[in-house]
Amino acid sequence: MPSFIDGPTFRSLLRPSTNGRRTKISDSGGGGGGGGLFKMFKLMPMLSSGCKMVALLGRHNRALLADHATTVTLFGHRRGRVSLAIHEDTRSPPLFLIELPMLTSALHREISSGMVKLALESDTRSARRRLVEEYVWAVYCNGRKAGYAIRRKEASDDERHVLRLLRGVSMGAGVLPAAPEKEGGVPAGPDGELTYVRARVERVVGSKDSEAFYMINPEEGGTAGDNSGPGGGGAPELSIFLVRMK
């Protein structure tokens with residue numbers, strides 16, 4: 001069976017929807033240069049001092065977001081695997097959580113190109129499950145197959161630590177302090193550093209078997225339906241596709 005990234009289901013998520021909303025966003029740093037959020041991520045070694053601020057934000061009981069926009073978080077230890085979390089509300093457990101079959105360092109290399117497209121394909125099908133409730137996924141990054149992953153039903157201690165620290169963060173990139181060893185975390189040090197990228201996204205539902213998440217431009221406030229402005233017509237820095245094969 002051919003992969004969905006070569007088929008019409010994937011292409012349909014890239015086309016304008018029938019209600020006139022478009023699925024691309026403006027990106028003043030489009031192409032290989034990288035825009036606002038990824039540019040911030042490239043300064044990550046300089047952001048370590050922000051760990052204290054993030055830790056303080058994580059202590060709040062409510063998220064410091066103006067609304068309940070969907071957010072996507074990519075995080076992991078520098079020499080470990082990267083996890084993907086999708087939230088409808090950062091004060092609640094993630095809607096979708098999975099450890100991707102790729103190292104965080106590999107994701108960093110893709111980010112340096114200025115654009116990341118993650119495509120997750122599920123071959124299983126159940127009438128009782130929503131798309132985000134499927135378990136087994138084939139993962140592609142920028143068109144290359146990375147392997148297979150299984151959606152987590154519950155977050156690990158390390159993942160809960162990260163999501164707790166980022167509870168009040170709407171978007172950004174940087175380095176987080178590792179969880180204390182007594183809480184099941186990895187010891188601090190080069191291997192214990194946690195890096196993250198969090199972005200607000202527009203969720204585009206193609207059908208019950210296909211959804212896409214397009215990063216909202218942090219510099220211009222553009223959404224997936226906004227192609228106006230200096231960077232009009234550019235592709236989003238981060239796009240995530242979930243598709244269930246028919």
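**Figure 1. Contacts across the whole chain.** Among contacts in the protein chain (heavy atoms within 4.5 Å) between residues at least 6 apart in sequence, 65% join residues at least 24 apart. This is a predicted model, in which local features need pLDDT of at least 70 and side-chain atom pairs count only at pLDDT 80 or more, while totals for chains, interfaces and linings use all residues. Residues are numbered from 1 along each chain as its sequence is written, and side-chain values use heavy atoms, with hydrogens and water left out. The chain holds five helices and ten strands; these are DSSP runs numbered from the N terminus, with helices being H or I over at least four residues and strands being E over at least two. Of the 246 residues in the protein chain, 51% are buried. Here buried means under 20% relative accessible area, exposed means over 50%, and partly exposed lies in between, with a 1.4 Å probe and protein chains only.

**Figure 2. Strand β1 and its two partners.** Let us start with strand β1, residues 71-77. Seven of its seven residues are buried, so β1 is largely enclosed by the rest of the structure. In a regular strand the side chains alternate between the two faces of the sheet. Both faces of β1 are covered, with Thr-71, Thr-73, Phe-75 and His-77 buried on one side and Val-72, Leu-74 and Gly-76 buried on the other. Strands pair if DSSP finds at least two bridges between them. β1 pairs with β2 in the antiparallel sense over five bridges, and the two form a hairpin with three residues between them. Within this pairing, Thr-73 stands opposite Ala-85, and Leu-74 has Leu-84 as its bridge partner. β1 also pairs with strand β8 (residues 194-207), in the antiparallel sense over seven bridges. There, His-77 stands opposite Leu-194.

**Figure 3. Ser-83 in strand β2.** Now look at Ser-83, which is found in strand β2 (residues 81-87). Is Ser-83 buried or exposed? At 4% relative accessibility, Ser-83 counts as buried. Six of the seven residues of β2 are buried, so this strand is largely enclosed by the rest of the structure. The side chains of Ser-83 and Glu-159 are joined by a polar contact of 3.2 Å. A polar contact is a pair of N or O atoms within 3.5 Å; within protein, one must be able to donate a hydrogen and the other to accept it, and residues adjacent in sequence count only if both atoms are side-chain atoms. Not counting residues up to four places away in sequence, Ser-83 touches Thr-73, Leu-74, Phe-75, Ile-98, Glu-99, Leu-100 and Glu-159. β2 and strand β3 (residues 96-103) pair in the antiparallel sense over five bridges, and the bridge partner of Ser-83 in β3 is Glu-99.

**Figure 4. Helix α4, a mostly covered helix.** Which residues of α4 are buried? They are Thr-104, Ala-106, Leu-107, His-108, Glu-110 and Ile-111. That makes six of the eight residues of this helix, which spans residues 104-111.

**Figure 5. Strand β4 between β10 and β5.** Strand β4 covers residues 116-122, and six of its seven residues are buried, so it is largely enclosed by the rest of the structure. β4 pairs with strand β10 (residues 238-244) in the parallel sense over seven bridges. With strand β5 (residues 136-141), β4 pairs in the antiparallel sense over four bridges.

Figure 6. Asn-142 is found in the loop between β5 and β6 (144-150). Its phi is near 50°, a positive value in a residue other than glycine. At 25% relative accessibility, Asn-142 counts as partly exposed.

**Figure 7. The largest pocket.** How many residues line the largest pocket? There are 18, of which Ser-92, Pro-93, Pro-94, Ala-155 and Leu-163 lie nearest its centre. β3 and α5 (157-165) each supply at least two lining residues, and α5 gives the largest share, three residues.

Technical notes. On a 1 Å grid over the protein atoms alone, a cavity is a set of points where a 1.4 Å probe fits but cannot get out, and a pocket is an open set with protein on both sides within 12 Å along at least five of seven lines; lining residues have an atom within 4 Å of a point.
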